[in-house]
Amino acid sequence: MRVMKFGGTSVASAARIQAVADIVRDAAVQGPVLVVVSAMSGVTNLLQEGVQAAIRGEDARTGDCLARFSGLHHSTADDLFPEDKGALDPELKSLESEFSHYLQGVKLLGECPPGVMASIYSLGERASSLLLAKSLKADLLDATRYIRTNRGSLFASPDWDATAKAFEDLRKNPPPIAVLPGFFGADADGRTTILGRGGSDYSAAIAAWALNAELLEIWTDVNGIYSADPRLVPEAFTLPEVSFEEAMELSYFGAKVLHPKTIQPARGKDIPVRVRNTLAPMLPGTLVHGDAKPSPHGARGLTYLGGVSLIDVSGSGMTGVPGIAARVFQAMAAANISVILITQGSSECSISFSVAESEAAKAMEALQSAFVAELAAGMLDPIQQRTGHAILSLVGDGMKHRLGVAGTFFGALAAVGVNIVAIAQGSSERNISVVINEGDEARALRQVHAAFFRSMPQLQLVVWGKGNVGSKLLRAIAIHQTSPRRKVDLRLCAVANSRHFVFNAEGLKDWESMDEGAQPADLKALLKAVSNARFTNPVFVDCTSNDAVAEAYPKLMEAGLHVVTANKKANTASLEAYQALHHASDLLQRKFLYETNVGAGLPVIETLRNLLRGGDRLLRFDGTLSGSLSFLLGLLDEGVPFSESVRIAKEKGFTEPDPRDDLSGLDVARKLLILAREMGAELELADVSVEGALPQDFDAAGSVESFMARLQNLDELFSLRMAALKKEGRVLRHVASIQATEDGFQCSVRLEPVGPEHPLFTVKGGENALAFLTEHYQPTPLVVRGYGAGGDVTAAGVLADILKIASFEGLS
């Protein structure tokens with residue numbers, strides 16, 4: 001025999017009840033079916049509302065509840081049986097009369113005794129089962145005859161022997177279809193009892209146990225048991241199977257699909273439980289059974305239980321004293337408080353445990369009463385209650401055989417800045433639970449889910465700046481996303497130009513038009529959008545040269561974003577600001593990557609860091625850090641006049657629109673300062689000695705056009721200088737140098753004649769070159785050389801930095 005339970009949403013309307021009837025009839029073709037049904041959606045709350053109104057003596061409100069109860073079921077019956085309207089009127093009116101009499105009695109008493117409350121609560125299931133039984137033309141069973149319980153009116157426990165005996169005839173001679181109201185039963189005296197809120201699942205499990213059913217089906221409004229709550233984790237998926245033990249853990253720690261007590265009766269007789277969706281009956285749902293194979297991920301799923309308080313009992317008087325823990329939990333049991341999670345330090349100086357926040361005050365009173373003497377004597381510290389917490393649990397039978405599960409779990413939480421307040425793990429290794437701050441659940445669940453279940457790690461990108469580098473980066477991202485060999489998914493969620501930004505948490509479809517809900521380019525608005533989106537791995541990519549954007553990096557990190565930048569402003573700001581930014585990056589565990597600040601696409605900063613990490617020490621650095629000046633000086637080598645060389649470099653895009661920005665040497669000084677600070681130098685930009693390409697007495701003022709015209713005045717000077725150097729076998733290079741001294745480092749930028757022995761002698765045509773003379777690399781320096789100018793090269797370097805984030809986060 002098969003037992004099929006349908007929840008309140010499954011029978012919420014006439015159309016839904018008809019759909020349920022179709023599902024049951026299809027199942028009955030294969031054998032007898034017992035259908036267990038909940039009250040129609042919202043009815044139990046309606047009954048409770050009526051009771052509260054009666055207690056307060058609110059006649060109008062009481063009458064309204066009674067009218068709504070009556071109207072809902074009569075209208076549903078009329079819709080179900082249009083050709084036989086009124087067929088269920090006598091039965092429904094009898095239920096309404098019971099409800100009315102109970103409410104009158106409650107009003108007179110000014111309270112509702114538990115036994116009366118149980119009888120009132122049963123009315124919803126009795127009404128819905130009437131409607132379904134008539135739709136199926138099936139036998140309607142009396143739950144008080146079959147589900148036998150102890151004498152607890154509102155939270156009754158099954159009397160298993162009596163229940164098995166009550167089902168004996170049905171077990172031996174089952175009808176094709178029978179309908180049993182869920183949620184309630186009766187004690188030995190025949191008084192109605194309730195199995196607790198959500199107990200219709202439990203009714204079905206009890207019935208399946210008593211009937212030795214071949215299958216228990218729980219039909220609800222979701223596709224099965226999910227790997228996590230899909231409302232908080234959009235990528236959560238339906239689990240094809242779970243073990244009985246996994247299902248109990250998941251339901252206990254917050255998974256709402258199954259009632260926590262449902263699994264045990266089925267597990268006791270090895271009855272498979274299948275969770276299915278009434279609205280999508282073609283889907284297989286989730287099978288809960290004893291032969292479930294361990295998940296290939298190790299973990300099976302994640303659950304979240306909010307509204308938790310953590311209570312701490314601690315003190316030096318606890319050490320080595322037997323029975324302290326027993327007294328703590330005896331006090332909880334005596335107060336009828338359920339303890340959700342327990343953790344204790346090996347020092348025996350403290351015990352922490354979690355209870356529902358609604359019971360925390362009662363728990364504190366019970367403990368203070370139980371330990372009044374110890375508290376007075378100072379053997380125990382004042383008992384602490386910490387509110388506003390939640391429990392996040394990772395569940396899976398396969399975790400026991402998988403190395404590194406706990407490390408991945410805790411690492412994922414740390415990656416999104418979620419603080420772990422307490423940790424608990426059972427000896428079965430099936431569950432690891434952590435107490436976290438309530439409010440962190442969304443990003444915690446998403447990050448942990450991604451760490452265990454996402455086939456390809458994902459970064460959510462915000463690209464700020466859509467100029468030369470930004471636009472080329474966006475194209476590079478698009479190309480990356482089409483690559484079948486990519487190992488990281490880059491979801492482009494926001495793009496900004498100088499005026500507007502567009503945002504879509506699910507990914508932008510068209511970043512070029514900037515018309516997908518564009519709003520002013522305001523970082524505060526961006527942070528609000530990112531916060532609402534609850535990203536797991538957001539990355540802010542700065543492709544501007546804007547000071548205000550650079551100054552906002554710490555706030556971006558506080559909001560959980562990693563920062564990748566082609567903007568040199570932050571790393572060349574005051575030393576105080578620089579140190580504060582890097583401290584924030586370390587403290588908040590947000591990555592700050594800026595490889596392109598010095599060598600565009602060349603691996604300059606990473607090379608230097610590798611040298612220093614390996615214990616090497618820099619003796620001297622010489623570099624050509626300006627592709628513009630490299631190109632220009634290469635033309636001078638070939639005899640091209642200085643003014644013409646500048647013009648050609650500008651036309652080919654090697655210089656800024658105003659070449660004075662490149663010729664001043666200030667941009668090179670900024671790059672040199674960044675390198676020096678990487679080496680530990682505590683320098684300001686003013687500490688770098690800067691000599692540009694132009695003579696100090698040259699008039700560089702005025703418009704770009706007038707400046708370019710005056711450059712002819714320098715042609716003879718440079719021509720003579722280049723001719724003299726040529727005779728000596730030397731060339732002119734713009735050299736950025738760092739010299740290690742006893743006191744630290746000396747930094748300079750200047751035009752310098754170099755001979756063939758110098759590593760920069762052959763560097764020209766737009767190339768960059770960086771020579772590191774170190775204790776390990778001498779007398780021949782380590783040289784990094786290549787083309788460092790151009791938007792394509794810089795965009796490639798930025799993309800490489802972005803992809804590093806996935807590696808740092810342990811995602812790839």
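**Exercise 1. Determine whether strand 17 (residues 458-464) is enclosed or open, and find its partner**.

*Solution.* Seven of the seven residues of strand 17 are buried, so this strand is largely enclosed by the rest of the structure. Here, buried means under 20% relative accessible area, exposed means over 50%, and partly exposed lies in between, with a 1.4 Å probe and protein chains only. Helices (H or I, at least four residues) and strands (E, at least two) are DSSP runs, numbered from the N terminus.

The model is a predicted one, in which local features need pLDDT of at least 70 and side-chain atom pairs count only at pLDDT 80 or more, while totals for chains, interfaces and linings use all residues. Residues are numbered from 1 along each chain as its sequence is written, and side-chain values use heavy atoms, with hydrogens and water left out.

Step 1: consider the faces. In a regular strand the side chains alternate between the two faces of the sheet. On one side of strand 17, Gln-458, Gln-460, Val-462 and Trp-464 are buried; on the other, Leu-459, Leu-461 and Val-463 are buried as well.

Step 2: consider the pairing. Two strands pair if DSSP finds at least two bridges between them. Strand 17 pairs with strand 18 (residues 489-496) in the parallel sense, over seven bridges. Within this pair, Leu-459 stands opposite Leu-490 of strand 18.

**Exercise 2. Describe how helix 2 (residues 43-55) and helix 5 (residues 114-136) cross**.

*Solution.* Two packed helices are described by the angle between their axes and the distance between the axes. Axes are lines fitted to C-alpha atoms, for helices over the stretch in contact, and angles run from 0 to 180 degrees between N-to-C directions.

Step 1: the axes of helix 2 and helix 5 come within 8 Å and cross at roughly 145°.

Step 2: contact means heavy atoms within 4.5 Å. Helix 2 contributes Val-43, Thr-44, Leu-47, Gln-48 and Val-51 to the contact, and helix 5 contributes Met-117, Ile-120, Tyr-121, Leu-123, Gly-124 and Glu-125.

**Exercise 3. Identify the largest nonpolar core and the residues with the most contacts inside it**.

*Solution.* A nonpolar core is a set of buried Ala, Val, Leu, Ile, Met, Phe, Trp, Tyr and Cys residues joined through side-chain atoms within 4.5 Å.

Step 1: the largest such core has 89 residues, and Leu-34, Phe-167 and Leu-180 have the most contacts inside it. Helix 5 gives the most to this core, with eleven residues.

Step 2: examine Leu-180. Not counting residues up to four places away in sequence, Leu-180 touches residues including Leu-34, Val-37, Tyr-146, Ile-147 and Phe-167.

Step 3: apart from this core lies another, of 54 residues, among them Phe-501, Ala-533, Val-749 and Leu-770.

**Exercise 4. Is Glu-606 buried or partly exposed, and which residues does Glu-606 contact?**

*Solution.* Step 1: Glu-606 is placed in helix 23. Because its relative accessibility is 28%, Glu-606 counts as partly exposed.

Step 1: leaving aside neighbours within four places in sequence, Glu-606 is in contact with Glu-595, Arg-613 and Lys-804. Glu-606 and Tyr-594 are twelve residues apart in sequence and 9.8 Å apart in space, C-alpha to C-alpha.
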